[in-house]
Amino acid sequence: MTLSNTIPITDELVASHGLKPDEYQRILDLIGREPSFTELGIFSAMWNEHCSYKSSKKWLKTLPTTGPRVLQGPGENAGVVDIGDGQAVVFKMESHNHPSYIEPYQGAATGVGGILRDVFTMGARPVAAMNALRFGAPDHPKTQHLVVGVVAGVGGYGNSFGVPTVGGEVEFDPSYNGNCLVNAFAAGLADTDKIFLSQAKGVGLPVVYLGAKTGRDGVGGATMASAEFDDDIEEKRPTVQVGDPFTEKCLLEACLELMKTGAVIAIQDMGAAGLTCSAVEMGAKGDLGIELDLDAVPVREERMSAYEMMLSESQERMLMVLSPEKEEEAEAIFRKWGLDFAIVGKTTDDLRFRVLHQGEEVANLPIKELGDEAPEYDRPWVESPKAALPDFSALAAIDPADALLKLIGSANLSSRRWVWEQYDTLIQGNSLQRPGGDAGVVRVEGHETKALAFASDVTPRYVEADPFEGGKQAVAECWRNLCATGALPLAATDNLNFGNPERPEIMGQLVGAIKGIGEACRALDFPIVSGNVSLYNETNGKAIMPTPTIGGVGLIDDWSKMARIGFSAEGDAILLVCKSNMWGTHLAQSAYMRDLHERRDGPPPPVDLAHERKAGEFVRDAIQDGRITACHDLSDGGLAVAVAEMAMASSIGAAISLPMPTDPTPVLFGEDQGRYLLTVPRADKELLREIIDEGAARGLVVAWIGETGGTELKLPGTRAISVKDLKARHESWFPDFMD
Amino acid sequence: MKSAVILLPGLNRDRDMIAALTKIGGKAPVTVWQTDTEIPDVDLIVIPGGFSYGDYLRCGAIAARMPVMRAVAEKAAQGVTVMGVCNGFQILLEAGLLPGALMRNASLKFVCREVKLEIANAETRFTDRYAQGQVIRCPIAHHDGNYFADEATLARIEGEGQVAFRYAEGTNPNGSLNDIAGIVNAEGNVLGMMPHPENLIEDAHGGTDGRALFEAALGRAA
C-alpha cells in the first residue's frame with residue numbers, strides 16, 4: 001500500500017484525521033491554501049489532544065511547577081529535580097491506555113519503552129520504574145485477558161531493558177470495563193551539568209536519525225489515542241506499535257556513550273507522532289526551521305509514502321542535532337551497537353518545516369505555528385455535585401473479623417504478588433524496598449547513604465465523588481507514602497486520565513481534580529515537574545472514573561534509618577498519628593462500604609492539608625532520628641487493613657484497642673486522611689512518652705492503640721485471627737483469579 | 001586475582017556483576033566486547049545475565065555463536081575458571097560448554113523472587129566456601145530457567161557430582177528436573193546457574209549469602 005501525496009482533501013478525510021471543521025478552517029487560515037495530504041497528517045498529529053493538550057492546557061498552567069530543587073519542569077521529555085552532590089533525578093509518568101486495550105502486550109510494552117526513552121533522552125540512566133494499572137470488573141469477560149497481556153507486556157519490556165520495577169498500583173472497577181488504564185512511570189539519574197534538552201541550536205547543523213528503522217506500525221496512533229472507543233475498536237489494532245526492548249537497551253547505551261563525547265546539541269525521542277513531533281519540537285523550541293529529506297530515513301518496508309514516514313510511531317528511534325565535527329565519532333558509536341545512523345536533514349533559519357520526498361517538497365509549513373497555534377479550548381464545565389454525608393446508622397452489622405478477611409482477600413486489597421513477581425524488582429542491585437510496601441526505595445549508586453523513594457497513588461472513587469477533594473487526596477496519599485519510608489518528598493508527575501472533555505460534567509471532573517492537585521502540591525511543597533493527559537477514556541459514551549494518577553519522588557538521606565511497613569519485633573507499642581481523639585470514623589466512599597455494603601454514596605474523606613503536612617513532617621523526623629521501628633500509612637480499608645498489612649509483612653501479631661467504648665466498625669474501617677501507624681519498643685517508656693508528647697506539641701494526636709506480639713491479630717469487638725490465615729487469604733485472590 | 005566480564009548487547013546484569021566482582025575482589029574486572037577474539041589473561045571469566053540479542057532466537061543461541069565465545073571456550077579448555085549466570089548459563093549451554101538445556105519456566109511466566117538453594121556439591125571451586133547441604137537464600141529473575149537433560153546425561157551429572165546448586169525447601173520456581181539450579185562441567189572449572197548471587201552480597205541487598213561463591217571463585221586465583 002502506498003498513500004500518494006495527491007489524495008484530494010475532502011471533509012471526510014479531514015474528519016477521519018480527528019480534526020473538527022473549525023480546526024480545519026484554522027489550518028486554511030494559517031497557511032493560506034489547502035494542505036497537502038502529508039501536511040494534513042502533520043497537522044492531525046500536532047493538533048490532536050494527545051500532543052497539543054488543547055482541552056487541558058488552560059488548567060495545567062495553574063499547577064505549581066517550580067521549587068528550589070526543580071531544574072526542569074513540564075515541557076521537556078521529563079522533569080528534573082536536584083538531589084544534591086551534583087546529581088538529579090529525572091522522571092515522568094505517561095499513559096498508554098488506548099493501545100493497551102486494543103493490544104495489551106504490545107500496548108503496555110511500548111508504554112514502558114516510551115517512558116524509559118523519555119528519561120534517557122535527557123541523559124539519565126533509568127534506575128526505577130512503576131506502573132499504575134486499572135482494569136474492569138474481575139468478572140468482565142475481557143478483564144483476565146487484559147491483565148495477562150498488560151502485566152506480561154510491562155514485564156517483558158522492563159525486564160529485558162534492565163530497570164527494576166519497584167512499585168505501582170493494580171485496581172479493578174467496572175468503569176474500566178471498556179477502557180483499561182496503563183500508566184507507566186520511570187526515573188533515572190543524571191549529573192546536573194549533563195542534562196540534555198530538545199531545543200536545537202545553530203543553523204545548518206545536521207539532524208540525525210538514530211535507532212531502529214521506520215515501519216508502518218503506529219501510523220496515526222496519537223490520533224487514535226485521542227478518540228473515544230466504539231465497537232469497531234478491533235479495526236484500530238494496526239495503529240498499535242510493536243516494541244523491541246533489545247534495541248532500546250542498545251539505544252540507551254549508545255545515547256549515553258554519545259552524550260559523553262559532547263557531540264549532542266539537542267535530542268528528542270520519537271514518541272507519539274514520531275518524526276513529525278520530534279522534528280517540529282526541536283526546531284520550534286530553538287527558533288529554527290527544519291528541513292527533512294525522507295529519502296535518507298532508514299526504513300523497514302519498501303515504498304513507504306511521506307505521509308506514512310511522518311506519522312509512523314515505530315519505536316526505539318531518536319532524533320538529534322549533532323556537532324558536525326563529531327559526526328564520525330557519533331556514527332561509530334551507533335554502528336558498534338548495531339543501530340541505524342542517518343543524517344536526514346538540517347536546521348535552517350527560515351522557521352519553516354520542510355519535508356522532501358523523492359525530489360518533491362511534500363510539506364512546507366510554518367514551524368512555530370504548528371505547535372504554538374494549536375487550538376486551545378476553554379471547554380465548558382460544570383462542577384460535580386457534592387454529596388451529603390449519608391446516614392449509616394441502619395447498616396447491617398458485620399463482624400469486624402469477617403469484614404477484614406473479606407477486604408484483604410478482595411480484588412482490590414489483596415496481595416499483588418502475582419503481578420510484581422513477573423517484574424524484575426532487583427536488577428541493578430540497588431532495590432532497598434520492593435513492591436508491597438508504602439513506596440519503592442532505590443539506593444543512589446555510588447553514594448554511601450542516599451536513596452530515592454517512589455510512590456504512585458490515586459483513589460478514583462474519591463475523585464468521582466468529589467473531584468477537588470479527590471485531587472487533593474491523590475497528591476496527599478502519594479506524599480504520605482514517601483514520608484512513611486522517611487523520605488523527603490521532592491516533586492511529582494501527574495498522569496490525568498479522564499473521559500470526553502467535550503462533555504461539561506467530565507470537563508468539570510478534570511478542572512476540579514487539577515484544582516485539588518494544585519492546592520495540595522502548593523501546601524505540601526510538592527511541585528508537578530512532568531506529566532501527561534489522557535482524555536476520551538470512554539467506550540460507547542461511558543467514561544472511566546476520573547483517575548489522576550500521581551507519581552512522587554522522595555529523597556532519603558540515610559537509608560539505614562529508612563522505615564518499612566512490617567513490625568520489627570514483638571512487644572512494640574503501636575501508635576496512631578491522626579487528627580482526632582476519635583482516631584477517624586469516615587466511612588463514606590470507603591473500601592468497606594463499597595465491598596461489604598455495595599454502597600458508593602456520600603463524600604470522600606476530606607483532606608486537611610495543614611494537618612497532612614504536620615503529620616508527615618512529624619513522622620519523617622521520627623524515622624530520620626532512628627526512633628521508630630516500623631511505619632505504615634493508612635489508606636484503603638483504614639486502620640484494620642493497615643494493621644493487618646503490618647502484621648502480614650512481618651508474621652508478628654498485634655492487639656488493638658478502641659479509643660472509648662463505641663461501635664468498632666467506623667474506627668476500624670473509616671478512611672480519614674493524614675494518618676500513620678508507628679511502632680516503638682514498649683520497654684523504652686521514655687521514648688514512648690517523648691514521641692507522644694512531641695506529637696501533641698506539634699498539634700497532632702498520637703494515640704497508643706495497641707501492641708505487637710504473638711501470632712494473632714486481635715481487633716476490638718471480635719475474634720482473633722491468626723496472621724497465617726490473614727496471609728493465606730491475602731495471597732490467594734490473585735492466583736485464584738488468574739491461574 | 002583478575003577477572004573479566006563478557007559484554008554482549010542485551011545483557012543487563014553486567015553492571016550488577018561488575019559491582020559484585022569489584023566489591024568482593026577489590027578490583028574492577030576488565031570487560032570484553034562481543035567482537036573481541038581474545039580474552040586477556042585473567043583467573044575468572046564471567047558471563048552475566050540479561051537478554052543477549054533480545055533472546056529473539058533461543059535464549060543464548062545467538063550469543064553462543066559470537067567470536068568472543070570461541071575465546072571463552074579456549075580459555076575454559078585451558079582450565080580457566082568460567083561462570084555464567086542466568087543468560088550466561090543459557091549461553092554456556094548453547095555453546096556446548098555445559099550439558100543439558102533450559103526451557104521456558106513451567107508457569108510460562110517470568111518470575112522474580114527469592115528462593116532457597118542447597119549446596120549440592122561443596123567440593124567445587126565455586127562452592128567450597130559453603131558447607132555440603134547448606135541452604136542459602138538467593139534471588140532469581142528469569143523466564144527460561146527450567147533445566148532439562150536426557151536421562152543418561154542427568155544420571156551422569158548427578159553421578160559425577162556436577163550438580164552444584166539445587167532449589168531447596170520446595171522453592172523450585174521453574175520446574176527444573178531434580179530441582180537443578182546450577183551445574184559444573186566434568187572438569188569442574190565451568191559453572192552455570194540460574195539464580196543471581198550477585199544480587200545478594202551486601203547489607204543493602206538484605207543479605208550476603210551470595211558472597212562466598214565469589215570469594216571462592218576469585219580466591220582460587222589468589
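This is a predicted model: local features need pLDDT of at least 70, side-chain atom pairs count only at pLDDT 80 or more; totals for chains, interfaces and linings use all residues.
Which residue is the bridge partner of A:Val441 in β16(A)? The partner is A:Ala453.

How covered is strand β16 (residues 451-457) of chain A? Seven of its seven residues are buried, so the strand is mostly covered. The burial applies to both faces. On one side stand A:Ala451, A:Ala453, A:Ala455 and A:Asp457. On the other stand A:Leu452, A:Phe454 and A:Ser456.

Six strands of chain A make up an open sheet, in the order β14-β15-β16-β21-β17-β18. The pairing in this sheet is mixed. At the edges stand β14 (431-433) and β18 (528-534) of chain A. Each has a single partner strand, so one side of each has no neighbour in the sheet. On average, neighbouring strands of the sheet are turned by 20 degrees against each other, direction ignored.

Strand β17 (residues 488-497) of chain A pairs with β18(A) in the parallel sense over six bridges. Within β18(A), A:Ser530 is the bridge partner of A:Thr493.

Chain A has another open sheet to visit. It has six strands in the order β1-β2-β3-β6-β4-β5, again with mixed pairing. Its edge strands are β1 (70-72) and β5 (165-172) of chain A, and each pairs on one side only. From one strand to the next, the twist averages 20 degrees.

Strand β6 (residues 181-191) of chain A is the one to follow here. Ten of its eleven residues are buried, so the rest of the structure largely encloses this strand. One partner is strand β3 (residues 87-95) of chain A, which runs antiparallel to β6(A) and is joined to it by nine bridges. In this pairing A:Phe91 stands opposite A:Ala187, and A:Ala88 has A:Ala190 as its bridge partner. Another partner is strand β4 (residues 125-135) of chain A, also antiparallel to β6(A), with nine bridges. There A:Pro126 stands opposite A:Gly188.

α8(A) lies across β4, β5 and β6 of chain A. Its direction runs at about 175 degrees to β4(A).

Where does chain A meet chain B? The contact joins 22 residues of chain A to 23 residues of chain B. On the chain A side, the elements that give two or more residues are α8 (143-161) and α10 (245-260). α10(A) gives the most, with four residues. By class, this side of chain A has eight nonpolar, nine polar and five charged residues.

Now turn to a pair of helices. Two packed helices are described by the angle between their axes and the distance between the axes. Helix α18 (residues 467-483) and helix α21 (residues 609-624) of chain A have axes that come within 9 Å and cross at roughly 10 degrees. α18(A) and α21(A) are therefore roughly parallel to each other. From α18(A), the contact uses A:Lys472, A:Ala476, A:Trp479, A:Arg480 and A:Cys483. From α21(A), it uses A:Leu609, A:Glu612, A:Gly616, A:Val619 and A:Arg620. The contact has five nonpolar, one polar and four charged residues.

What does the span of α18(A) say about the helix? At 1.5 Å a residue, its 17 residues should span 24 Å. The end C-alpha atoms are 24 Å apart, which agrees.

Helix α22 (residues 638-648) of chain A is the last stop. Eleven of its eleven residues are buried, so this helix too is largely enclosed by the rest of the structure. Among them are A:Leu639, A:Val641, A:Val643, A:Glu645 and A:Met648.

Note on methods:
Residues are numbered from 1 along each chain as its sequence is written. Chains are lettered from A and ligands numbered from 1 in the order in which they are written. Two residues are in contact if their C-beta atoms, placed from the backbone, lie within 7 Å. Ala, Val, Leu, Ile, Met, Phe, Trp, Tyr, Cys and Pro count as nonpolar, Asp, Glu, Lys and Arg as charged, and the others, Gly among them, as polar. Two strands pair if DSSP finds at least two bridges between them. Axes are lines fitted to C-alpha atoms, for helices over the stretch in contact, and angles run from 0 to 180 degrees between N-to-C directions. Angles under 35 degrees count as roughly parallel, over 145 as roughly antiparallel, 65 to 115 as roughly perpendicular and the rest as oblique. The expected span of a helix is 1.5 Å times one less than its number of residues. A residue is buried if 20 or more other C-beta atoms lie within 10 Å of its own, exposed if 12 or fewer, and partly exposed in between; C-beta atoms are placed from the backbone.
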